[in-house]
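Here are some notes to read alongside the model as you get to know it. Please keep the viewer open and turn to each place as it comes up.

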Amino acid sequence: MAAPRAKATSIADWLFVLRLAAVGTSVQPPSQYAGFAAELSQDGSALLCVPANGASRVEGRHLQLSDGRVAALVARRSDLENEQPRAERSLADQFSRWPDVLADGLAVVRSSNGWNISLAPASSFPLFGALTDEGEMVLSDSLPPLIAIVGGGSEFDVDELAERFSGSVTVEGTRTIHPGIFRMTGGFELVVSGRKLSFRPWWNPRAIAIQPNASLSRAAEQLRERAEAIVESYLPPNDPIAVQLSGGRDSSLLCALAARRLASQNRSLVAITAVPCVGQPAADQRYQYDESAGALATAARYPNVEHHLLRPVPVPLASVLDQLHRQLADPIHQPVPLSWTIPQLSLCGERKIQTLLTGDDGNFTVSAGGLAHLVDVRREEGLSAWLRVCARLLREGVGLRDIVRVSIGASLPRPLYEAGRKRGQQKPLLNDFPFFKGPLRERLIALTPDNDDPRPLSAYRPLIQEVASNIGTLFPVGRSLYGVEQFCPWDDRQLFELILSLPSSLLTSAPDRRALFDRAFGDLLPEEVLRPARRGRQNVDFHAAIDPLDLRKGIERYRSSALCREYIDMDRLATALGDWPRQRSTDIRYYGFWIGQFLPSFSLASFLYTREHSASGASAETAEPLHAAP
């Protein structure tokens, strides 16, 4: 059984730190990096510091540009290895299109009066930065090195903290919760001139033009070609690899494409599926709770797939959160996915698998489509196009009530919309953030008025544009605990550009169908994935996947924190835990309380506690086992 590796929280434990000195000065690597500093610029003014445990994952390359400027390119080692056939001169010439040349990673160009720093759109690299009192710019893929260099760590920007816990789909802007430390967003360029910093977007998903004459067949060809290329780029040359296989479209496609490519190399693929508790209903009228049938059917198609199904086991969530928060210095606003990803990472660690791919955000790219796009058709393409699409949807079996609901529901007065809902349809729970206190709670309530409003979105394309503009990399949970890198291949610039260029009429379909996905990948996947009987519902058995005794011990620890007492109602949190569920419930208000209110508040309490007790031990002992088969 693989247990999380004990790791200190020193700067040297993180993947890279890029130090940019003020123009005309030089900079030396910190002592923690002795022997691991790689010089990237000719005059020693930029140093990429790669600790031993990160040297196999990231690489820097120095480029002398034709106009005399110096550039440093930092990327995953595999990406730069793929660039080897191209001459250094060719790479340098590409920077004439700076910064649009970036595929992934980041690049730094030094000019006569400062630095230009850019991160690729939808990059798999997290990137944070800070300007020191000496005028030195420090960049890192994690927050602890910056906190150690510029100070802070126990003071927070309450407004930004509220943004993180408001339940929004993405985190916008360049601010972090730590004053003086910023985060780089993919597709933005940071210009550093002296002590002046300015950000400008150079990739704007909201400006991608819709191609009105796009055809389904051509779009499917492009989607397939790009998806195959992306998956191949994430496969390590020789090492074992795993995928999270939920049984939905996105993860099933990821598994299929990876398995096909690896089979051509006589290699195998490990697929891991989290399945709910036994002895419970598999579905109700609306949701499928056990999607393992789709996962099993997908894995069975590819003989080189080694498939593992993992049932819930009690994860010591408080202990895991404490360990992660000490190492990341960033609050995990929704901890419930840890209850099923920790067992999967444990399996990877036991099998010495260092790469785990997930299908996150695929619903905005490879499997984009469904009824939600109907709301955009009339505005973008006119009444006649909308009528044609509605007629097609009726032929596909979509009810008139659902067509009207999606098309005009957002514009109806809320009482009228609620009066027209289906009888017995559950209402969402108003989140008034009952476990938060003081200015933080006030800010959260101000940010999310009417968060129980059941009406649909007034437009769907802006949601995809927002996601593309603010792609956030996964918390490096796997790297921190098990030495496993987690990647989301479907967060890809070219995929977003393709989907956002397509007219909404082409993407609109019945809820159980995805016309573009079916055309592009229908030959790779079983019917259980292409035509699911019901929509999947995840986290149905979170109560069995989280150890309540460990939560209780966590709350008792957190009571000693002044920060917790300031921002969290610890008595209310403890009282609520007394009613921790012992069986599954499918009531949406039940999910709203435990997953939407209790667990995010508990996670913030863990984060606040670790800011005050950063050196009080790694964590409590990890419960065994961390993964279990059916």
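Which residues in helix 15 meet which residues in helix 17?

1. Arg461, Ile464, Gln465, Val467 and Ala468 in helix 15 meet Phe496, Ile499 and Leu500 in helix 17, where a contact means heavy atoms within 4.5 Å. Sorted by type, the residues of this contact are six nonpolar, one polar and one charged. Here Ala, Val, Leu, Ile, Met, Phe, Trp, Tyr, Cys and Pro count as nonpolar, Asp, Glu, Lys and Arg as charged, and the others, Gly among them, as polar.

2. **What you are looking at.** This is a predicted model, so local features need pLDDT of at least 70 and side-chain atom pairs count only at pLDDT 80 or more, while totals for chains, interfaces and linings use all residues. Residues are numbered from 1 along each chain as its sequence is written, and side-chain values use heavy atoms, with hydrogens and water left out.

3. **The chain as a whole.** The protein chain has 25 helices and 19 strands; helices (H or I, at least four residues) and strands (E, at least two) are DSSP runs, numbered from the N terminus. Of its 630 residues, 54% count as buried. Buried means under 20% relative accessible area, exposed over 50%, and partly exposed in between (1.4 Å probe, protein chains only). Among contacts between residues at least 6 apart in sequence, 73% join residues at least 24 apart.

4. **How the first pair is arranged.** Two packed helices are described by the angle between their axes and the distance between the axes. For helix 15 (residues 461-469) and helix 17 (residues 493-500), the axes come within 11 Å and cross at roughly 165°. Axes are lines fitted to C-alpha atoms, for helices over the stretch in contact, and angles run from 0 to 180 degrees between N-to-C directions. Helix 15 and helix 17 are therefore roughly antiparallel: angles under 35 degrees count as roughly parallel, over 145 as roughly antiparallel, 65 to 115 as roughly perpendicular and the rest as oblique. Their crossing is left-handed, a term for a near helix turned anticlockwise from the far one by less than a right angle (right-handed if clockwise).

5. Now turn to helix 22 (residues 548-558) and helix 25 (residues 588-612), whose axes come within 10 Å and cross at roughly 45°. That makes helix 22 oblique to helix 25, and the crossing is left-handed. Leu551, Gly554, Ile555, Arg557 and Tyr558 in helix 22 meet Phe598, Phe602, Ala605, Ser606 and Tyr609 in helix 25. By type, the residues of this contact are seven nonpolar, two polar and one charged.

6. **A leucine beside that pair.** Leucine 577 lies in helix 24 (residues 570-577) and is buried, with a relative accessible area of 5%. Which residues is leucine 577 in contact with, leaving aside its neighbours within four places in sequence? They are Pro548, Leu551, Arg552, Ile555 and Phe598. Leucine 577 and leucine 551 are 26 residues apart in sequence and 7.9 Å apart in space, C-alpha to C-alpha.

7. **Helix 10 and its cover.** In helix 10 (residues 374-381), the buried residues are Leu374, Val375, Asp376 and Val377. Their cover includes helix 11 (383-395), helix 12 (400-408), helix 15 and helix 18 (504-507). Just after helix 10, glycine 382 takes a positive phi of about 100°.

8. **Two alanines worth a look.** Most residues other than glycine have a negative phi. Alanine 122, in the loop between strand 7 (114-119) and strand 8 (128-131), has a positive phi of about 50°. Alanine 329, in the loop between helix 8 (317-328) and helix 9 (338-350), has a positive phi near 55°. Alanine 122 is buried at 10% relative accessible area, and alanine 329 is buried at 1%.

9. **A leucine in a strand.** Leucine 356 is in strand 17 (residues 355-357) and counts as buried at 0% relative accessibility. Beyond its neighbours within four places in sequence, its contacts include Ala242, Val243, Leu345, Cys348, Val484 and Phe487. Leucine 356 and leucine 345 are 11 residues apart in sequence and 8.1 Å apart in space, C-alpha to C-alpha.

10. **Cysteines.** How many disulfides does the structure hold? It holds zero, a disulfide being a pair of cysteine sulfur atoms within 2.5 Å. Cysteine 277 is partly exposed, with a relative accessible area of 23%, whereas cysteine 564 is buried at 0%.
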